[in-house]
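Visitor: I am new to this structure and would like to know what the terms used for it rest on. Please show it to me.

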Amino acid sequence: MDFSYSPKVEALCQQLKGFMDHHIVPRIRQWHDEVNAGMYPVSFMEDLKTRAKSEGLWNLFLPHLNAGEPGTGLSNLEYAPLAEIMGSISWASEVFNCNAPDTGNMELLHMCATAAQRKQWLEPLLNGSIRSAFAMTEPDVASSDATNIQTSITRDGDDYIISGRKWFITNAAHPNCKILILMGKTDPAAETHRQQSMILVPIDTAGVEVVRNINIMNHHSPEGHCEIVFRNVRVPASNLLGEEGSGFALAQARLGPGRIHHCMRSIGAAELALAMMTERAQQRKSFGKYLYEHGAVSDGIARSRIEIEQARLLVLKTAWMIDEVGAKAARKEIAMIKALVPMLHTTVTDRAMQVFGAMGISPDTPLADHWTWGRALRFADGPDEVHLRSIARMEIKQAQTQFGPMAAYLT
Ligand SMILES: Cc1cc2nc3c(=O)[nH]c(=O)nc-3n(C[C@H](O)[C@H](O)[C@H](O)COP(=O)(O)OP(=O)(O)OC[C@H]3O[C@@H](n4cnc5c(N)ncnc54)[C@H](O)[C@@H]3O)c2cc1C
(Lines give C-alpha, C1' and ligand atoms only; values in the text may rest on other atoms or scores of the structure.)
Protein backbone atom coordinates (compact mmCIF):
# COMPACT_ATOMS: atom_id res chain seq x y z
CA MET A 1 0.00 0.00 0.00
CA ASP A 2 1.33 3.39 -0.96
CA PHE A 3 -0.51 6.30 0.64
CA SER A 4 1.67 9.11 -0.66
CA TYR A 5 -0.32 11.68 -2.59
CA SER A 6 0.20 11.66 -6.34
CA PRO A 7 1.31 14.90 -8.08
CA LYS A 8 -2.30 15.27 -9.35
CA VAL A 9 -3.67 15.06 -5.79
CA GLU A 10 -0.94 17.37 -4.42
CA ALA A 11 -1.90 19.94 -7.06
CA LEU A 12 -5.60 19.61 -6.24
CA CYS A 13 -4.83 19.99 -2.50
CA GLN A 14 -2.94 23.22 -3.19
CA GLN A 15 -5.73 24.48 -5.41
CA LEU A 16 -8.38 23.61 -2.81
CA LYS A 17 -6.38 25.19 0.03
CA GLY A 18 -5.99 28.34 -2.06
CA PHE A 19 -9.74 28.41 -2.71
CA MET A 20 -10.50 27.94 0.99
CA ASP A 21 -8.04 30.70 1.98
CA HIS A 22 -9.26 33.20 -0.60
CA HIS A 23 -12.99 32.59 -0.78
CA ILE A 24 -14.19 30.64 2.25
CA VAL A 25 -12.10 31.62 5.30
CA PRO A 26 -12.79 35.36 4.76
CA ARG A 27 -16.53 34.61 4.80
CA ILE A 28 -16.70 32.61 8.02
CA ARG A 29 -17.99 35.56 10.05
CA GLN A 30 -20.47 36.56 7.37
CA TRP A 31 -21.79 32.99 7.21
CA HIS A 32 -22.54 33.03 10.96
CA ASP A 33 -24.00 36.55 10.85
CA GLU A 34 -26.35 35.67 8.01
CA VAL A 35 -27.40 32.32 9.51
CA ASN A 36 -28.00 33.95 12.90
CA ALA A 37 -30.17 36.53 11.11
CA GLY A 38 -32.22 33.67 9.61
CA MET A 39 -30.76 33.94 6.11
CA TYR A 40 -30.19 30.45 4.67
CA PRO A 41 -28.78 29.52 2.22
CA VAL A 42 -26.32 32.34 2.81
CA SER A 43 -26.22 35.07 0.16
CA PHE A 44 -22.83 34.08 -1.29
CA MET A 45 -23.25 30.29 -1.48
CA GLU A 46 -24.41 30.07 -5.11
CA ASP A 47 -21.60 32.40 -6.27
CA LEU A 48 -19.02 30.27 -4.48
CA LYS A 49 -20.48 27.09 -5.96
CA THR A 50 -20.34 28.56 -9.46
CA ARG A 51 -16.72 29.58 -8.92
CA ALA A 52 -15.73 26.18 -7.50
CA LYS A 53 -17.39 24.40 -10.40
CA SER A 54 -15.68 26.60 -12.98
CA GLU A 55 -12.31 25.86 -11.34
CA GLY A 56 -12.91 22.09 -11.50
CA LEU A 57 -13.32 21.74 -7.72
CA TRP A 58 -16.66 19.94 -8.00
CA ASN A 59 -17.99 16.48 -7.08
CA LEU A 60 -14.55 15.45 -5.92
CA PHE A 61 -15.92 12.34 -4.21
CA LEU A 62 -17.47 10.16 -6.94
CA PRO A 63 -14.97 7.66 -8.42
CA HIS A 64 -17.27 6.10 -11.00
CA LEU A 65 -18.60 9.10 -12.91
CA ASN A 66 -19.97 8.47 -16.37
CA ALA A 67 -18.85 10.47 -19.38
CA GLY A 68 -20.57 13.86 -19.35
CA GLU A 69 -21.25 13.87 -15.59
CA PRO A 70 -19.59 16.79 -13.78
CA GLY A 71 -16.74 15.94 -11.42
CA THR A 72 -13.18 14.74 -11.08
CA GLY A 73 -13.59 10.94 -10.90
CA LEU A 74 -11.03 10.70 -8.10
CA SER A 75 -10.65 7.44 -6.20
CA ASN A 76 -11.55 7.30 -2.50
CA LEU A 77 -7.85 7.34 -1.63
CA GLU A 78 -7.31 10.44 -3.77
CA TYR A 79 -10.36 12.16 -2.29
CA ALA A 80 -9.26 11.66 1.36
CA PRO A 81 -6.87 14.64 1.73
CA LEU A 82 -9.31 16.90 -0.10
CA ALA A 83 -12.21 15.98 2.19
CA GLU A 84 -9.87 16.56 5.10
CA ILE A 85 -9.18 20.12 3.93
CA MET A 86 -12.91 20.82 3.52
CA GLY A 87 -13.63 19.34 6.97
CA SER A 88 -11.89 22.19 8.78
CA ILE A 89 -14.89 24.48 8.13
CA SER A 90 -18.32 23.04 8.84
CA TRP A 91 -20.10 24.46 5.78
CA ALA A 92 -17.25 24.32 3.22
CA SER A 93 -18.10 20.96 1.63
CA GLU A 94 -21.33 22.28 0.12
CA VAL A 95 -19.35 24.82 -1.93
CA PHE A 96 -17.75 21.89 -3.77
CA ASN A 97 -20.94 19.76 -3.87
CA CYS A 98 -19.28 17.34 -1.46
CA ASN A 99 -21.52 17.62 1.60
CA ALA A 100 -23.38 14.90 3.47
CA PRO A 101 -25.96 13.54 3.05
CA ASP A 102 -26.06 14.53 -0.63
CA THR A 103 -22.80 12.69 -1.38
CA GLY A 104 -24.13 9.39 -0.01
CA ASN A 105 -27.43 9.93 -1.82
CA MET A 106 -25.65 10.66 -5.11
CA GLU A 107 -23.51 7.53 -4.68
CA LEU A 108 -26.67 5.51 -4.09
CA LEU A 109 -28.56 6.97 -7.06
CA HIS A 110 -25.48 6.52 -9.19
CA MET A 111 -25.47 2.86 -8.26
CA CYS A 112 -29.13 1.91 -8.60
CA ALA A 113 -31.38 4.65 -10.04
CA THR A 114 -33.32 4.03 -13.26
CA ALA A 115 -32.66 6.27 -16.27
CA ALA A 116 -35.75 8.37 -15.43
CA GLN A 117 -34.75 8.68 -11.76
CA ARG A 118 -31.23 9.72 -12.77
CA LYS A 119 -32.59 12.39 -15.07
CA GLN A 120 -35.05 13.76 -12.53
CA TRP A 121 -32.96 13.62 -9.34
CA LEU A 122 -29.33 12.60 -9.87
CA GLU A 123 -28.56 15.16 -12.57
CA PRO A 124 -29.71 18.18 -10.51
CA LEU A 125 -27.90 16.78 -7.47
CA LEU A 126 -24.67 16.39 -9.44
CA ASN A 127 -25.13 19.96 -10.68
CA GLY A 128 -25.78 21.22 -7.16
CA SER A 129 -29.10 22.81 -8.10
CA ILE A 130 -31.06 20.80 -5.51
CA ARG A 131 -30.29 19.17 -2.15
CA SER A 132 -31.54 15.89 -0.68
CA ALA A 133 -32.04 13.97 2.56
CA PHE A 134 -31.94 10.35 3.67
CA ALA A 135 -34.83 9.30 5.92
CA MET A 136 -34.31 6.11 7.89
CA THR A 137 -34.27 6.81 11.66
CA GLU A 138 -37.57 6.71 13.56
CA PRO A 139 -38.46 7.99 17.03
CA ASP A 140 -40.48 4.92 18.01
CA VAL A 141 -37.90 2.17 17.43
CA ALA A 142 -34.17 1.60 18.08
CA SER A 143 -33.01 2.63 14.63
CA SER A 144 -29.41 1.54 15.07
CA ASP A 145 -30.95 -1.80 14.08
CA ALA A 146 -32.39 -0.97 10.66
CA THR A 147 -34.57 -4.09 10.68
CA ASN A 148 -36.73 -2.32 13.33
CA ILE A 149 -37.90 0.39 10.93
CA GLN A 150 -41.73 0.59 10.92
CA THR A 151 -42.69 3.16 8.26
CA SER A 152 -44.95 1.39 5.79
CA ILE A 153 -44.66 1.52 2.00
CA THR A 154 -47.82 -0.09 0.62
CA ARG A 155 -48.55 -0.78 -3.04
CA ASP A 156 -51.82 0.69 -4.31
CA GLY A 157 -52.33 0.27 -8.06
CA ASP A 158 -49.63 2.27 -9.84
CA ASP A 159 -48.61 4.03 -6.62
CA TYR A 160 -47.09 3.39 -3.22
CA ILE A 161 -48.56 4.91 -0.07
CA ILE A 162 -46.16 5.84 2.74
CA SER A 163 -47.08 6.28 6.40
CA GLY A 164 -44.74 6.82 9.32
CA ARG A 165 -42.58 9.23 11.29
CA LYS A 166 -38.85 9.89 10.90
CA TRP A 167 -36.47 12.09 12.83
CA PHE A 168 -32.94 13.52 12.76
CA ILE A 169 -33.21 13.76 8.99
CA THR A 170 -30.25 15.91 7.96
CA ASN A 171 -30.74 18.55 5.26
CA ALA A 172 -34.54 18.42 5.33
CA ALA A 173 -34.72 22.08 6.43
CA HIS A 174 -32.48 23.21 3.57
CA PRO A 175 -34.68 25.39 1.33
CA ASN A 176 -33.25 23.60 -1.72
CA CYS A 177 -33.96 20.11 -0.35
CA LYS A 178 -36.31 18.65 -2.94
CA ILE A 179 -36.03 14.89 -2.54
CA LEU A 180 -36.00 12.38 0.30
CA ILE A 181 -34.69 8.86 -0.03
CA LEU A 182 -36.92 7.06 2.44
CA MET A 183 -36.47 3.59 3.91
CA GLY A 184 -39.58 1.73 5.01
CA LYS A 185 -41.19 -1.70 4.95
CA THR A 186 -42.91 -3.08 1.87
CA ASP A 187 -43.38 -6.59 3.29
CA PRO A 188 -43.31 -7.02 7.09
CA ALA A 189 -43.87 -10.77 6.60
CA ALA A 190 -40.75 -11.35 4.48
CA GLU A 191 -37.40 -12.62 5.72
CA THR A 192 -35.91 -10.06 8.18
CA HIS A 193 -33.52 -8.42 5.72
CA ARG A 194 -35.95 -8.46 2.77
CA GLN A 195 -38.78 -6.52 4.41
CA GLN A 196 -37.34 -3.08 3.65
CA SER A 197 -37.36 -0.95 0.51
CA MET A 198 -36.18 2.52 -0.43
CA ILE A 199 -38.31 4.99 -2.27
CA LEU A 200 -37.93 8.51 -3.62
CA VAL A 201 -40.30 11.01 -2.03
CA PRO A 202 -40.35 14.59 -3.32
CA ILE A 203 -40.48 16.70 -0.16
CA ASP A 204 -43.42 18.75 -1.46
CA THR A 205 -45.68 15.69 -1.87
CA ALA A 206 -49.05 16.01 -0.11
CA GLY A 207 -48.88 14.43 3.34
CA VAL A 208 -45.17 15.15 3.98
CA GLU A 209 -44.86 17.47 6.98
CA VAL A 210 -41.52 18.68 8.34
CA VAL A 211 -42.58 19.06 11.97
CA ARG A 212 -39.42 20.59 13.47
CA ASN A 213 -35.68 21.03 13.13
CA ILE A 214 -34.12 19.33 16.16
CA ASN A 215 -31.21 21.15 17.82
CA ILE A 216 -28.04 19.11 18.41
CA MET A 217 -26.60 19.82 21.90
CA ASN A 218 -28.60 23.07 21.71
CA HIS A 219 -26.78 23.93 18.50
CA HIS A 220 -29.04 24.97 15.64
CA SER A 221 -28.06 23.59 12.22
CA PRO A 222 -29.69 25.63 9.45
CA GLU A 223 -29.78 22.68 7.05
CA GLY A 224 -31.69 20.80 9.75
CA HIS A 225 -31.89 17.46 11.51
CA CYS A 226 -35.63 17.24 11.13
CA GLU A 227 -38.59 15.32 12.38
CA ILE A 228 -40.89 14.50 9.47
CA VAL A 229 -44.33 12.92 9.43
CA PHE A 230 -45.58 11.00 6.39
CA ARG A 231 -49.38 10.81 6.32
CA ASN A 232 -50.67 8.57 3.51
CA VAL A 233 -48.08 10.01 1.14
CA ARG A 234 -48.75 8.81 -2.40
CA VAL A 235 -45.92 8.51 -4.94
CA PRO A 236 -45.74 6.67 -8.28
CA ALA A 237 -44.51 3.06 -8.11
CA SER A 238 -41.68 4.10 -10.45
CA ASN A 239 -40.17 6.01 -7.49
CA LEU A 240 -39.01 2.76 -5.90
CA LEU A 241 -35.21 2.46 -5.77
CA GLY A 242 -34.01 -0.93 -6.85
CA GLU A 243 -36.51 -3.72 -6.27
CA GLU A 244 -38.94 -4.38 -3.42
CA GLY A 245 -37.05 -5.92 -0.50
CA SER A 246 -33.65 -4.49 -1.48
CA GLY A 247 -33.74 -1.60 1.03
CA PHE A 248 -31.52 -3.18 3.66
CA ALA A 249 -28.82 -4.06 1.13
CA LEU A 250 -29.01 -0.57 -0.38
CA ALA A 251 -28.66 0.99 3.09
CA GLN A 252 -25.49 -1.01 3.66
CA ALA A 253 -24.12 0.06 0.28
CA ARG A 254 -24.94 3.72 0.93
CA LEU A 255 -23.44 3.86 4.38
CA GLY A 256 -19.95 2.67 3.36
CA PRO A 257 -18.89 5.73 1.35
CA GLY A 258 -20.98 8.05 3.55
CA ARG A 259 -19.17 6.87 6.67
CA ILE A 260 -15.69 7.24 5.27
CA HIS A 261 -16.45 10.78 4.03
CA HIS A 262 -17.48 11.79 7.57
CA CYS A 263 -14.22 10.32 8.89
CA MET A 264 -12.10 12.14 6.31
CA ARG A 265 -13.69 15.46 7.25
CA SER A 266 -13.27 14.69 10.96
CA ILE A 267 -9.52 14.30 10.49
CA GLY A 268 -9.56 17.84 9.07
CA ALA A 269 -11.51 19.12 12.07
CA ALA A 270 -9.02 17.44 14.44
CA GLU A 271 -6.08 18.97 12.53
CA LEU A 272 -7.64 22.41 12.91
CA ALA A 273 -8.12 21.87 16.66
CA LEU A 274 -4.49 20.78 17.04
CA ALA A 275 -3.23 23.77 15.05
CA MET A 276 -5.31 26.13 17.21
CA MET A 277 -4.13 24.42 20.39
CA THR A 278 -0.44 24.71 19.51
CA GLU A 279 -0.87 28.35 18.45
CA ARG A 280 -2.69 29.29 21.65
CA ALA A 281 -0.20 27.39 23.83
CA GLN A 282 2.60 29.57 22.45
CA GLN A 283 0.72 32.81 23.06
CA ARG A 284 -0.40 32.55 26.69
CA LYS A 285 1.59 32.26 29.89
CA SER A 286 0.52 30.95 33.29
CA PHE A 287 2.67 30.53 36.37
CA GLY A 288 5.62 32.05 34.54
CA LYS A 289 5.59 29.64 31.60
CA TYR A 290 4.04 29.45 28.18
CA LEU A 291 1.16 26.99 28.27
CA TYR A 292 3.04 24.53 26.03
CA GLU A 293 5.82 24.42 28.64
CA HIS A 294 3.45 22.79 31.11
CA GLY A 295 3.72 19.02 30.80
CA ALA A 296 -0.02 18.44 30.71
CA VAL A 297 -0.45 20.77 27.72
CA SER A 298 2.54 19.43 25.78
CA ASP A 299 1.37 15.86 26.41
CA GLY A 300 -2.01 16.81 24.96
CA ILE A 301 -0.35 18.26 21.87
CA ALA A 302 1.83 15.18 21.38
CA ARG A 303 -1.01 12.70 21.98
CA SER A 304 -3.20 14.57 19.53
CA ARG A 305 -0.54 14.35 16.82
CA ILE A 306 -0.06 10.61 17.43
CA GLU A 307 -3.78 9.90 17.41
CA ILE A 308 -4.46 11.96 14.27
CA GLU A 309 -1.68 10.18 12.38
CA GLN A 310 -2.98 6.77 13.49
CA ALA A 311 -6.52 7.62 12.48
CA ARG A 312 -5.49 9.12 9.15
CA LEU A 313 -3.53 6.01 8.22
CA LEU A 314 -6.51 3.79 9.01
CA VAL A 315 -8.82 6.04 6.99
CA LEU A 316 -6.40 5.94 4.04
CA LYS A 317 -6.13 2.16 4.29
CA THR A 318 -9.92 1.93 4.32
CA ALA A 319 -10.20 4.24 1.30
CA TRP A 320 -7.61 2.14 -0.50
CA MET A 321 -9.55 -1.04 0.31
CA ILE A 322 -12.85 0.43 -0.91
CA ASP A 323 -11.06 1.32 -4.17
CA GLU A 324 -9.38 -2.06 -4.51
CA VAL A 325 -11.92 -4.58 -3.22
CA GLY A 326 -15.16 -2.62 -2.69
CA ALA A 327 -17.09 -1.36 0.35
CA LYS A 328 -18.48 -4.79 1.21
CA ALA A 329 -15.06 -6.41 1.56
CA ALA A 330 -13.85 -3.33 3.47
CA ARG A 331 -16.72 -3.40 5.98
CA LYS A 332 -14.50 -4.21 8.96
CA GLU A 333 -12.21 -1.28 8.16
CA ILE A 334 -15.23 1.00 7.62
CA ALA A 335 -16.62 -0.04 11.03
CA MET A 336 -13.21 0.52 12.62
CA ILE A 337 -12.83 4.07 11.36
CA LYS A 338 -16.45 4.90 12.20
CA ALA A 339 -15.89 3.74 15.81
CA LEU A 340 -12.50 5.48 16.04
CA VAL A 341 -12.58 8.79 14.21
CA PRO A 342 -15.62 10.60 15.72
CA MET A 343 -14.02 9.86 19.12
CA LEU A 344 -10.71 11.31 17.88
CA HIS A 345 -12.64 14.34 16.59
CA THR A 346 -14.10 15.06 20.04
CA THR A 347 -10.99 14.10 22.03
CA VAL A 348 -8.62 16.42 20.17
CA THR A 349 -11.19 19.22 20.04
CA ASP A 350 -11.82 18.80 23.76
CA ARG A 351 -8.09 19.17 24.51
CA ALA A 352 -7.99 22.30 22.37
CA MET A 353 -11.02 23.76 24.17
CA GLN A 354 -9.26 23.14 27.49
CA VAL A 355 -6.09 24.94 26.34
CA PHE A 356 -8.23 27.92 25.26
CA GLY A 357 -9.73 28.19 28.74
CA ALA A 358 -13.29 29.50 28.94
CA MET A 359 -12.98 30.97 25.46
CA GLY A 360 -12.78 27.41 24.12
CA ILE A 361 -16.46 26.80 24.74
CA SER A 362 -17.60 30.22 23.53
CA PRO A 363 -18.68 31.05 19.97
CA ASP A 364 -15.40 33.02 19.54
CA THR A 365 -13.63 29.91 18.25
CA PRO A 366 -15.04 27.13 16.01
CA LEU A 367 -14.06 24.52 18.62
CA ALA A 368 -17.40 24.21 20.39
CA ASP A 369 -19.21 23.74 17.06
CA HIS A 370 -16.65 21.15 15.97
CA TRP A 371 -16.92 19.28 19.27
CA THR A 372 -20.71 19.23 19.00
CA TRP A 373 -20.57 17.81 15.50
CA GLY A 374 -17.96 15.21 16.49
CA ARG A 375 -20.23 14.11 19.34
CA ALA A 376 -23.18 13.87 16.97
CA LEU A 377 -21.12 11.69 14.63
CA ARG A 378 -20.92 9.08 17.37
CA PHE A 379 -24.61 8.45 16.52
CA ALA A 380 -25.00 9.49 12.89
CA ASP A 381 -24.62 6.53 10.52
CA GLY A 382 -24.87 4.18 13.50
CA PRO A 383 -23.70 4.49 17.13
CA ASP A 384 -20.19 3.46 18.19
CA GLU A 385 -21.42 0.30 19.92
CA VAL A 386 -22.96 -1.11 16.75
CA HIS A 387 -19.68 -0.69 14.86
CA LEU A 388 -17.73 -2.23 17.74
CA ARG A 389 -20.18 -5.13 17.72
CA SER A 390 -19.63 -5.66 13.99
CA ILE A 391 -15.84 -5.58 14.38
CA ALA A 392 -15.92 -8.05 17.28
CA ARG A 393 -18.22 -10.42 15.37
CA MET A 394 -15.89 -10.41 12.37
CA GLU A 395 -12.88 -10.99 14.62
CA ILE A 396 -14.58 -13.92 16.36
CA LYS A 397 -15.69 -15.40 13.06
CA GLN A 398 -12.19 -15.11 11.63
CA ALA A 399 -10.64 -16.62 14.77
CA GLN A 400 -12.98 -19.60 14.51
CA THR A 401 -11.53 -20.46 11.11
CA GLN A 402 -7.95 -20.45 12.39
CA PHE A 403 -5.94 -22.41 14.91
CA GLY A 404 -5.67 -20.22 17.99
CA PRO A 405 -2.27 -19.36 19.49
CA MET A 406 -3.25 -20.80 22.88
CA ALA A 407 -2.59 -24.37 21.83
CA ALA A 408 1.09 -23.57 21.27
CA TYR A 409 1.46 -22.14 24.78
CA LEU A 410 -0.51 -24.78 26.62
CA THR A 411 1.38 -27.85 25.36
C1 LIG B 1 -26.63 14.90 13.94
C2 LIG B 1 -27.32 13.66 13.50
C3 LIG B 1 -27.68 13.51 12.17
C4 LIG B 1 -28.39 12.39 11.76
N5 LIG B 1 -28.79 12.30 10.45
C6 LIG B 1 -29.58 11.29 10.08
C7 LIG B 1 -30.12 11.25 8.75
O8 LIG B 1 -29.85 12.13 7.91
N9 LIG B 1 -30.96 10.24 8.42
C10 LIG B 1 -31.30 9.26 9.31
O11 LIG B 1 -32.06 8.38 8.94
N12 LIG B 1 -30.79 9.27 10.57
C13 LIG B 1 -29.95 10.25 10.98
N14 LIG B 1 -29.48 10.30 12.27
C15 LIG B 1 -29.88 9.28 13.22
C16 LIG B 1 -28.83 8.25 13.55
O17 LIG B 1 -28.51 7.48 12.42
C18 LIG B 1 -29.38 7.40 14.71
O19 LIG B 1 -29.46 8.25 15.84
C20 LIG B 1 -28.54 6.19 15.02
O21 LIG B 1 -28.61 5.23 13.98
C22 LIG B 1 -29.00 5.51 16.32
O23 LIG B 1 -30.35 5.22 16.29
P24 LIG B 1 -31.27 5.69 17.55
O25 LIG B 1 -31.06 7.13 17.77
O26 LIG B 1 -32.65 5.20 17.31
O27 LIG B 1 -30.64 4.96 18.81
P28 LIG B 1 -31.03 3.51 19.37
O29 LIG B 1 -31.05 2.53 18.26
O30 LIG B 1 -32.23 3.65 20.22
O31 LIG B 1 -29.76 3.20 20.27
C32 LIG B 1 -29.56 3.89 21.50
C33 LIG B 1 -28.26 3.46 22.10
O34 LIG B 1 -28.32 2.08 22.41
C35 LIG B 1 -27.02 1.54 22.39
N36 LIG B 1 -26.98 0.40 21.49
C37 LIG B 1 -27.71 0.18 20.38
N38 LIG B 1 -27.35 -0.98 19.81
C39 LIG B 1 -26.37 -1.50 20.56
C40 LIG B 1 -25.57 -2.68 20.51
N41 LIG B 1 -25.71 -3.57 19.51
N42 LIG B 1 -24.65 -2.87 21.47
C43 LIG B 1 -24.48 -1.99 22.49
N44 LIG B 1 -25.20 -0.85 22.58
C45 LIG B 1 -26.13 -0.62 21.65
C46 LIG B 1 -26.09 2.66 21.91
O47 LIG B 1 -25.49 3.30 23.02
C48 LIG B 1 -27.04 3.60 21.23
O49 LIG B 1 -26.54 4.94 21.18
C50 LIG B 1 -28.72 11.38 12.69
C51 LIG B 1 -28.34 11.51 14.03
C52 LIG B 1 -27.64 12.63 14.45
C53 LIG B 1 -27.26 12.76 15.89
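**Terms and what they rest on**

Guide: Strand β5 (residues 196-202) is mostly covered, with 7 of its 7 residues buried. The model is predicted: local features need pLDDT of at least 70 and side-chain atom pairs pLDDT 80 or more, while totals for chains, interfaces and linings use all residues. Residues are numbered from 1 along each chain as its sequence is written, and side-chain values use heavy atoms, leaving out hydrogens and water.

Visitor: What makes β5 a strand, and what makes its residues buried?

Guide: A strand is a DSSP run of E with at least two residues, and a helix a run of H or I with at least four, both numbered from the N terminus. Residues 196-202 form β5. Buried means under 20% relative accessible area (1.4 Å probe, protein chains only), exposed over 50%, and partly exposed in between. Q196, M198, L200 and P202 point one way from β5, S197, I199 and V201 point the other way, and all are buried.

Visitor: What makes domain 1 and domain 3 separate units, and where do their bounds lie?

Guide: The bounds come from an automatic or database domain assignment. This gives domain 1 (7-99), domain 2 (131-245) and domain 3 (248-400). The contact between domain 1 and domain 3 takes 14 residues from domain 1 and 17 residues from domain 3, where contact means heavy atoms within 4.5 Å.

Visitor: Why is the link between R312 and E84 called a salt bridge?

Guide: A salt bridge is a side-chain nitrogen of Lys or Arg within 4 Å of a carboxyl oxygen of Asp or Glu. The N to O distance between the side chains of R312 and E84 is 2.6 Å, so the term applies. The count between domain 1 and domain 3 is 1 salt bridge. On the side of domain 1 that touches domain 3, helix α4 (residues 76-86) gives the largest share, 6 residues.
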